[in-house]
Amino acid sequence: MDGEDSDPLRRIKENDPSLTSLFVGADEIQNFTNEDLEELGRDISNNTHLTDLDLHGDAAGDQSLSFLFRGLTRSSSIKCMGLQCNGLSAAAIQSMVPFLQN
């Protein structure tokens, strides 16, 4: 990726219509604070073009997902979410309920 395409988080915030999927791996998510994850969730909620969010491969733990889903509760564009291999507990699954009910 080059220039404009190299910052998907900025593109999510700007509601870039050409960005329809986001993969966040373990290396990237480990650098996020809880506040960053909640902000990412809010930015995704305000984005009307992002349809696929992939956090598989132990990218997110229970606490990280809790903060992400706190921000994501209003999202209506996400149609597919990859959470495989994250070892989620019942508490993490429970934090998804408001998002899933939307």
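1. How much accessible surface does the protein have, and what share of that surface belongs to carbon and sulfur atoms? The accessible surface comes to about 5700 Å², and 49% of it belongs to carbon and sulfur atoms. Accessible areas come from the Shrake-Rupley method with a 1.4 Å probe, and for residues only the protein chains shown count as cover.

2. A note on the basis of these values follows. This is a predicted model, in which local features need pLDDT of at least 70 and side-chain atom pairs count only at pLDDT 80 or more, while totals for chains, interfaces and linings use all residues. Residues are numbered from 1 along each chain as its sequence is written, and side-chain values use heavy atoms, with hydrogens and water left out.

3. The protein has six helices and three strands, arranged along the sequence in the pattern α-β-α-α-β-α-β-α-α. Its radius of gyration is 13 Å, close to the 13 Å that the globule rule gives for 102 residues, so the protein is as compact as a globular protein of that length. Helices (H or I, at least four residues) and strands (E, at least two) are DSSP runs, numbered from the N terminus. The radius of gyration is taken over C-alpha atoms, and the globule rule is 2.2 Å times the number of residues to the power 0.38. Along the principal axes, the C-alpha atoms fill a box of roughly 40 × 30 × 25 Å.

4. Of the 102 residues, 38% count as buried; the term means under 20% relative accessible area, with exposed meaning over 50% and partly exposed in between (1.4 Å probe, protein chains only). Among contacts with a separation of 6 or more, 81% are accounted for by residues 24 or more positions apart. A contact here means heavy atoms within 4.5 Å.

5. The protein carries 7 positive and 17 negative charges, and their mean positions are 9 Å apart. Lys and Arg count as positive and Asp and Glu as negative, while His and the chain ends are not counted. The place of a charge is taken as NZ of Lys, CZ of Arg, CG of Asp or CD of Glu.

6. Leu-65 and Ala-92 are 27 residues apart in sequence, with their C-alpha atoms 6.5 Å apart in space.

7. The structure holds one aromatic pair. The ring centres of Phe-69 and Phe-99 are 5.4 Å apart and the ring planes stand at 55°, so the pair is tilted. Phe-69 lies in helix α4 (residues 62–72) and Phe-99 in helix α6 (residues 97–101), so the pair ties together parts that are 30 residues apart in sequence. Rings of Phe, Tyr and Trp (its six-membered ring) pair if their centres lie within 6.5 Å; planes under 30 degrees apart count as stacked, over 60 as edge-to-face and the rest as tilted. Phe-69 is buried at 0% relative accessibility, and Phe-99 is buried at 9%.

8. Arg-42 sits in helix α3 (residues 34–46) and is partly exposed, with a relative accessible area of 36%. Neighbours within four places in sequence aside, Arg-42 is in contact with Gly-71 and Leu-72. The C-alpha atoms of Arg-42 and Gly-71 are 4.3 Å apart, although the two residues are 29 residues apart in sequence.

9. Several loop residues may be examined next. Ser-75, in the loop between α4 and β3, is buried with a relative accessible area of 4%. Neighbours within four places in sequence aside, Ser-75 is in contact with Ile-44, Ser-45, Phe-99 and Asn-102. Gly-25, in the loop between β1 and α2 (26–29), is buried at 6%, and its C-alpha atom is separated by 7.1 Å from that of His-56, 31 residues apart along the chain. Gly-61, in the loop between β2 and α4, is partly exposed at 32% relative accessibility; the C-alpha atoms of Gly-61 and Lys-79, 18 residues apart along the chain, are separated by 21 Å.

10. What is the phi of Asn-15? Asn-15 has a positive phi of about 60° although it is not a glycine. Most residues other than glycine have a negative phi. Asn-15 lies in the loop between α1 (8–13) and β1 (21–23) and is partly exposed, at 22% relative accessibility.
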